[in-house]
Amino acid sequence: MAGSETPREATRSIIFHCRLIPPRPDFAFTMTEEERALMGRHADFLREKLREGVMIMAGPVADPAGPWGLLILRAGSEAEARAVTDGDPVARSGRGFRYEILQLLGVIM
């Protein structure tokens, strides 16, 4: 275990890049009030994952093809990472959001 890692971090050592793809390319610019409220619940969910030590960072990415969300997670397996993304209010909303999850092969932190 590295000197700065807590026992929980040492046992949850796989890092995942999770890409949240919105239901339409211009979503960030054309959200309805209802969608803004949903994004607020999404942000609250992510803040809780940060407090739990599961999320490392998250934020929107300014991709010229259309913004998307970046979520970096620490989890014990891809199934654990998927459980986190499946629990996200946007993923559960039925509004066409989806996550792509990729394991990082190495990390410098």
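## Close-up views of a predicted model

View 1. Phe16, Cys18, Leu71, Leu73, Ala81 and Phe97 touch the most other members of the largest nonpolar core, which holds 19 residues. Such a core is a set of buried Ala, Val, Leu, Ile, Met, Phe, Trp, Tyr and Cys residues joined through side-chain atoms within 4.5 Å; buried means under 20% relative accessible area, exposed over 50%, and partly exposed in between, with a 1.4 Å probe and protein chains only. At least two residues of this core come from each of strand S1 (14-21), H3, strand S3 (68-75), helix H4 (78-87) and S4. Helices (H or I, at least four residues) and strands (E, at least two) are DSSP runs, numbered from the N terminus. In soluble globular proteins, nonpolar side chains tend to be buried together.

A quick note on the model: it is predicted, so local features need pLDDT of at least 70 and side-chain atom pairs count only at pLDDT 80 or more, while totals for chains, interfaces and linings use all residues. Residues are numbered from 1 along each chain as its sequence is written, and side-chain values use heavy atoms, with hydrogens and water left out.

**View 2. The surroundings of Ala81.** Setting aside neighbours within four places in sequence, Ala81 is in contact (heavy atoms within 4.5 Å) with Phe16, Leu73, Ala75 and Ile101.

View 3. The strands form an open sheet in the order S2-S3-S1-S4, with antiparallel pairing; two strands pair if DSSP finds at least two bridges between them. Strand S2 (55-61) and S4 stand at the edges with a single partner strand each, so one side of each has no neighbour in the sheet. From one strand to the next, the twist averages 20 degrees. Look at S1 and S3 and you will find antiparallel pairing over seven bridges, with Ile15 standing opposite Arg74 in S3. H3 packs on the sheet and touches S1, S2, S3 and S4, and its direction makes about 150 degrees with that of S2. Axes here are lines fitted to C-alpha atoms, for helices over the stretch in contact, and angles run from 0 to 180 degrees between N-to-C directions.

View 4. The whole structure contains eight salt bridges, each a side-chain nitrogen of Lys or Arg within 4 Å of a carboxyl oxygen of Asp or Glu. One of them joins Arg36 to Glu33, with the closest N and O atoms 3.8 Å apart. Both residues lie in helix H3 (residues 33-52), three residues apart, about one turn of the helix. Arg36 is partly exposed at 42% relative accessible area, and Glu33 is exposed at 61%. In another, Glu34 meets Arg95 at 2.0 Å, N to O. Glu34 sits in helix H3 and Arg95 in the loop between helix H5 (89-92) and strand S4 (98-103), so the pair ties together parts that are 61 residues apart in sequence. Glu34 is exposed at 52%, whereas Arg95 is partly exposed at 34%.

**View 5. The Arg51 and Glu48 pair.** Here the side chains of Arg51 and Glu48 meet in a salt bridge of 3.0 Å, N to O. The two are three residues apart in helix H3, about one helical turn. Arg51 is exposed at 60% relative accessibility, and Glu48 is partly exposed at 33%.
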